[in-house]
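Here are some notes to read alongside the structure, written for someone meeting it for the first time. Take them in order, with the view open beside you.

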Amino acid sequence: MKFFINKKEVLVVILFLIIALFSIALATQLPKGLSGDEVVVLLSDKLRNNTDFPDANLLSSLSFDSYLYPRIISFLSANFSAETYRSFLLFIYVFFTGYCSYLALRILKFSRATAIAVAVIALMPRVSPGATFFGVFTHYENLGRSMSSPIIWLLAAYNIKFLSERKNLYWLFFVAGLLVYIHPVTMIFFSALLFIISFFWLFKDRGFKTAILNTLKSVVAFALGAFFLLKEIITTTASSLEDITVYSASGFEYAQALLYRMPWDFLPETILWLRQVAVISFVFILFILSVIFLAKKKKISFSVESKKIFYWSGLLMFFSVLFSYFLPNIQLYLVRHFDFPFIIQQSSRIFKFYYLGLFLALAVSVEFFRKYFKNRLLFTFIVIIGIVSSSIGFEWVQYLLGSGNYQSEYIFSSWQENLPENKADRYQRICQQLKDAGIDQGDLVISSDFDLRYFCQVRLFVTYEEGSTYLMRGKEPLVYWYNIFLRQAEVLDSKQANDLIDFANNISAQYAVLPTDSEMVPELEAGGLVVGKSDDLRIIKFVNK
C-alpha cells in the first residue's frame, strides 16, 4: 500500500495520464476513419440486437459474445458519438497499457526511471506479422486486442516472479483463464506461451517431473478459469462440423482458399513484415548486445535476477517467432497434402509477443547501463531513439522521404492529399442514394463493399470480409465462398455489361453497385439500367420490382 501512497508514484500516474491525453490530442490530427475490424464488431452488435437484419443467418458466425470489447462498444455506441467513444477508449488503452507495463517492471524490481523509460518506449505501436501490432497510441491500434495489453504485461511479470520464487503457478493461470474473455485469441495464445516457458524454466531449475506436474496443474487451472469460453468454442466447432453441404472440396482447394482469405498468416507474406520488425528491433538489440559486451569487457556480472529475466525474455522471443511461422505454415502443408482440418487460426499473431520479450531484455540492459555507466545524456538519447523507432517513426520517415507506401493513419491529415472521405459521412450519402434508387432490405445487391451492410443494411451476395464466417465452418464452406467470391470479382472487373447481367440473372440479384470508372458503365447507361449515380458510384437495376 505504501507504494501507491508514495508521492513519486502519484507523479508517475499523472505522467501516464498526461501521455494518454496527448495521444488523444495527436489522434485529432490524424485520419479518423473507422477500420474494417471496427465495422465488423459494430455489425455483430447490430446482428445480436436485430434478427431481421439482412443476411443475419449468413453472418451469424460474426458473433463476438465471448469478447468483452464488443459489449463495451455496444454500450458506448448507443450512448455517445463515434468520435467521443473512440477517444474515450483510446485514453483508457493508452493509460492502462502504459501504467501497467510500468507496474510490471516495478514488480520485477526495476528502478522507477528504468520502468518509466521502457514503459513509454513500449507504449509506442510496432507492427508485427499477422497484420497486428504491439503497443497502442493512435486510433489505428484502438481495437479490442489492445484491451489485453495491460494484462499481458502483468501476467508476464508475475510469471517471472513466481518462477523465481518457486511459488505455485496454478493460481496465476486460473486468473489468466478468467481474464481470457477480455480478448480470447490474444489471451489463449499468450497463456500457451506461458505454459511452455514455465515448463522449460521448471525443467532447468527443478527437473522434469516437477516441470510436468506444475504444467499440468497450470493447464487445468487455466481451463477451469476459462471453462465457459472453452465450452462455447467446443460447441461452436462441433456445430460447424455438423454443417450439411453438398459442396465438396479437396485439401489443395482448401489451402488455396486459406491463402486467399488469410494471406497475412502464411509465407511469403509474413516475411514482408520482417523488414519493419528488423529496422525497429535493430536499435534495441544493438543496445542490449553493447551492454553485454561492455559488461564482459569491464568484468562486471549481471545479477542473478537479471539473468533470470534475460532467460525468460529469450524464451518468449524464441517461441513467439517459432510458433508464429511454424504453426500456420505446417498446418497449411498438412491441409494441402493430407487434407487435414485447419484448426489453429491467426497463429501468426503470436509474433507480437516477441516485442514483450525484447522490452523486458531492454529493461535489464537499461538498468545495468544506468547503474554502472551513469551517462544521463546518452540514456536520454537512448530513450528518444527508442520512442522514435516505433511504427509511427518508421512511417514518418517513409513519408518524409517521399515514399508512397507509408501508413496514412500515422501522418497528419492536413499534410496528406486525397484522403478518403470520412466513412460515416460517405455512407450516409450513399445510403440515401440506394434508398432513392428503390433498394430495400429484401433486394439482393451485387457489390464487394462490406460496409454497405453495416451502414445501409443492404443484402449483399458475397464480400471478402464475410469469408471469416465461412472460415469458421470448415473446408467446404470456405472453398464455396472462395469460388463464388472470385466469380463475382471476375464479373465486377469485366468490360462486358452482359457478364454482369448474366451473373445477376443466375443469382437472382436485383441491383448492383459499381464504381464510376467501371468499364461496364457506359454500356449499362446506354441500356437504361443505371438508376442512380454520383461522383464515385453507379447503381444498376436489373429487374422491375
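1. Start with helix 5 (residues 82-107) and helix 7 (residues 149-164), which pack at an angle of about 5° with their axes 8 Å apart. Axes here are lines fitted to C-alpha atoms, for helices over the stretch in contact, and angles run from 0 to 180 degrees between N-to-C directions. Helix 5 and helix 7 are therefore roughly parallel to each other; angles under 35 degrees count as roughly parallel, over 145 as roughly antiparallel, 65 to 115 as roughly perpendicular and the rest as oblique.

2. Before going further, please keep in mind that this is a predicted model, in which local features need pLDDT of at least 70, side-chain atom pairs count only at pLDDT 80 or more, and totals for chains, interfaces and linings use all residues. Residues are numbered from 1 along each chain as its sequence is written, and side-chain values use heavy atoms, leaving out hydrogens and water.

3. Which residues of helix 5 meet helix 7? Among them are Phe-96, Cys-100, Leu-103 and Ile-107, and on the side of helix 7 the partners include Pro-150, Trp-153, Leu-154 and Lys-161; contact means heavy atoms within 4.5 Å. Cys-100 is buried, with a relative accessible area of 10%; buried means under 20% relative accessible area, exposed over 50%, and partly exposed in between (1.4 Å probe, protein chains only).

4. Now for the whole chain, which has 24 helices and seven strands. These are DSSP runs numbered from the N terminus: helices are H or I with at least four residues, strands are E with at least two. Of the 545 residues, 51% count as buried. Among contacts between residues at least 6 apart in sequence, 72% join residues at least 24 apart.

5. The largest nonpolar core has 108 residues, and Phe-16, Trp-153, Phe-190, Trp-312, Leu-356, Phe-359 and Leu-360 touch the most other members. Helix 16 (residues 353-372) gives the most to this core, with 14 residues. Apart from it lies another core, of 38 residues, among them Tyr-254, Leu-444, Tyr-482 and Ala-497. A nonpolar core is a set of buried Ala, Val, Leu, Ile, Met, Phe, Trp, Tyr and Cys residues joined through side-chain atoms within 4.5 Å.

6. Trp-312 deserves a look: its place is in helix 15 (residues 304-338), and it is buried, with a relative accessible area of 0%. Not counting residues up to four places away in sequence, Trp-312 touches Ala-156, Asn-159, Ile-160, Leu-163, Leu-194, Ile-197, Trp-201 and Leu-360. Ala-361 lies 49 residues from Trp-312 in sequence and 8.9 Å from it in space, C-alpha to C-alpha.

7. Finally, how many disulfides does a search of the whole structure find? There is one, joining Cys-431 to Cys-456 with S to S 1.9 Å; a disulfide is a pair of cysteine sulfur atoms within 2.5 Å. Cys-431 is in helix 19 (residues 423-436) and Cys-456 in helix 20 (residues 451-456), 25 residues apart. The link is left-handed, with -85° about the S-S bond, and Cys-431 and Cys-456 are both buried.
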